[in-house]
Amino acid sequence: MKRYLCSIIIGMVVILSIGTYYVKIASSASSLPKYTFKTLEGSDKELDPVIINATLQNGSNFYEPLTIESNTTTYASERSYLENLTGRQDQQIERLVKEHRSFMRGKDSISSLYEDDDFLAYALVNSEFTKRGKMEAEFDIGLLEKKDEEETSFQIELPHQERIMNVDVRDVQLVHSKLQVLTMNDVNSNNEKQTKEVHLYTIDVANKKVLSDKTLVSETFTYPDQVDFQMPIDVAPSQPNNMVLISSIKGVNHEDGPFEEKLKESKLLSYNYETEKLETVKKESLSLDMVGSGYVDGKNLYVVETESDAYHLKTFDLSSQKLTNDTELDIAANKEEQYTAAFKNGRVYFLLNGMNQEGKTSKPAKLLIADIKTGKTLYKGEAVINKKNSKSFGLFIDDLEIK
């Protein structure tokens, strides 16, 4: 009886400790400022799919992640232990997990996924270094036929892995029943040289083998020279598309100054999965800056540019590389403020962070939701705070998501 009584007492202490912990957490969170958006124009229903991930700071001693979702602030300390342990998932990942839970188990990289009406595909590279310092790498491949929920999964060695130091999967497509996996690789070089490459692997899922390993771009350089490959932000990373844009940025790392780009040597490339053509894009149609700061959805490239005192949203057709639309957004331009954009459902979600280039909060964050084609304002709002002592806090925007 004493043994059971001891167990009961220990259990009660644990329960009371957990309860006390969460009461303190809830009390602490309730004392923090709550952020909402005050509607200045349009319908506040447009806010329903908007998710803003941010961080509240007070000097160097206080740091608290928060989320503004459907115009409601939730701090990390207000979420459950399990939610904080797993972290927030990409909205597209969450949807796929709900619809295809078995197939999606252990899959959390949106850039490694492909989805159309009939198939859901996955390709990731798992790697590790042996004690001898050599890399061992393999593809983790999965394919789901949605109609009958039939799954195919297998692992297969990465070709020429002995010369590779790092592999980053950037795009996955299903073309003519073959899986196309675009990666950016760091490659072993002799002496002090460094090599970076863009590879396209073609995988036969039915026969579980790699059909080809094509090097699209390869650049070798020696410090202080530097080469970086960049791609626009993909707003629909799992969506089928025929073309990708790749910037090859060349420059010099100065010890006593910033990175200096070699504009004449840098170039913009396009690759078409259907035609298998790699082409250099003419600079008069698209610039490296446009691509570096742009957003793609598989069909179009969206670029935000500041002209006079207004922001312009420019749409370029990827196949023709021509400007198809130029709309002025109804929000005052401020070159010192940072902005974040998202594109979904024919809308552009444009968030002025309220921070200057030094990362300091200067003004309330502003959110504009507009029609991509017409530029018509559907919603305009400004962040407001419910605490009088909120001036001591700084709100730092991390990213913008749309459900």
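**Close-up views of side-chain contacts in a predicted model**

**Figure 1. Lys-380 and Asp-330 form a salt bridge, with an N-to-O distance of 3.3 Å.** Because Lys-380 belongs to strand 26 (residues 377-385) and Asp-330 to strand 22 (residues 322-332), the pair ties together parts of the sequence that are 50 residues apart. The relative accessible area of Lys-380 is 19%, and this residue is buried. Asp-330, by contrast, is partly exposed, with a relative accessible area of 39%. The structure shown is a predicted model, and a search of the whole structure finds 16 salt bridges.

**Figure 2. Salt bridges with shared partners join Arg-95, Glu-99, Glu-115 and Lys-146 into one network.** Glu-99 and Arg-95 are separated by about one helical turn because they stand four residues apart in helix 3 (residues 91-99). Both residues are partly exposed: Glu-99 has a relative accessibility of 45%, and Arg-95 has one of 31%.

**Figure 3. Glu-115 and Lys-146 are joined by a salt bridge whose closest N and O atoms are 2.8 Å apart.** This pair links distant parts of the chain, 31 residues apart: Glu-115 is in strand 5 (residues 113-115), and Lys-146 is in the loop between strand 7 (135-145) and strand 8 (150-157). Glu-115 has a relative accessibility of 13% and counts as buried.

**Figure 4. Tyr-271 and Tyr-273 form one of the seven aromatic pairs counted in the model.** The ring centres of Tyr-271 and Tyr-273 are 5.6 Å apart and the ring planes meet at 90°, so the arrangement is edge-to-face. Tyr-271 is buried at 1% relative accessibility, and Tyr-273 is buried at 3%.

**Figure 5. Tyr-311 and Tyr-339 form an edge-to-face pair.** Their ring centres lie 6.1 Å apart, with the planes at 65°. Tyr-311 is in strand 21 (residues 310-317) and Tyr-339 is in strand 23 (residues 339-344), so this contact ties together parts that are 28 residues apart in sequence. At 1% relative accessibility Tyr-311 counts as buried, whereas Tyr-339, at 26%, counts as partly exposed.

**Figure 6. Tyr-295, Tyr-302 and Phe-343 are linked into a cluster by ring pairs.**

**Figure 7. Lys-107 lies over the faces of two aromatic rings, those of Phe-103 and Tyr-122.** Lys-107 is 4.6 Å from the ring centre of Phe-103 and 5.2 Å from the ring centre of Tyr-122.

Definitions and conventions:
Residues are numbered from 1 along each chain as its sequence is written. This is a predicted model: local features need pLDDT of at least 70, side-chain atom pairs count only at pLDDT 80 or more; totals for chains, interfaces and linings use all residues. Side-chain values use heavy atoms; hydrogens and water are left out. A salt bridge is a side-chain nitrogen of Lys or Arg within 4 Å of a carboxyl oxygen of Asp or Glu. Helices (H or I, at least four residues) and strands (E, at least two) are DSSP runs, numbered from the N terminus. Buried means under 20% relative accessible area, exposed over 50%, partly exposed in between (1.4 Å probe, protein chains only). Rings of Phe, Tyr and Trp (its six-membered ring) pair if their centres lie within 6.5 Å; planes under 30 degrees apart count as stacked, over 60 as edge-to-face and the rest as tilted. A charge sits over a ring if NZ of Lys or CZ of Arg is within 6 Å of the ring centre and within 35 degrees of the ring normal.
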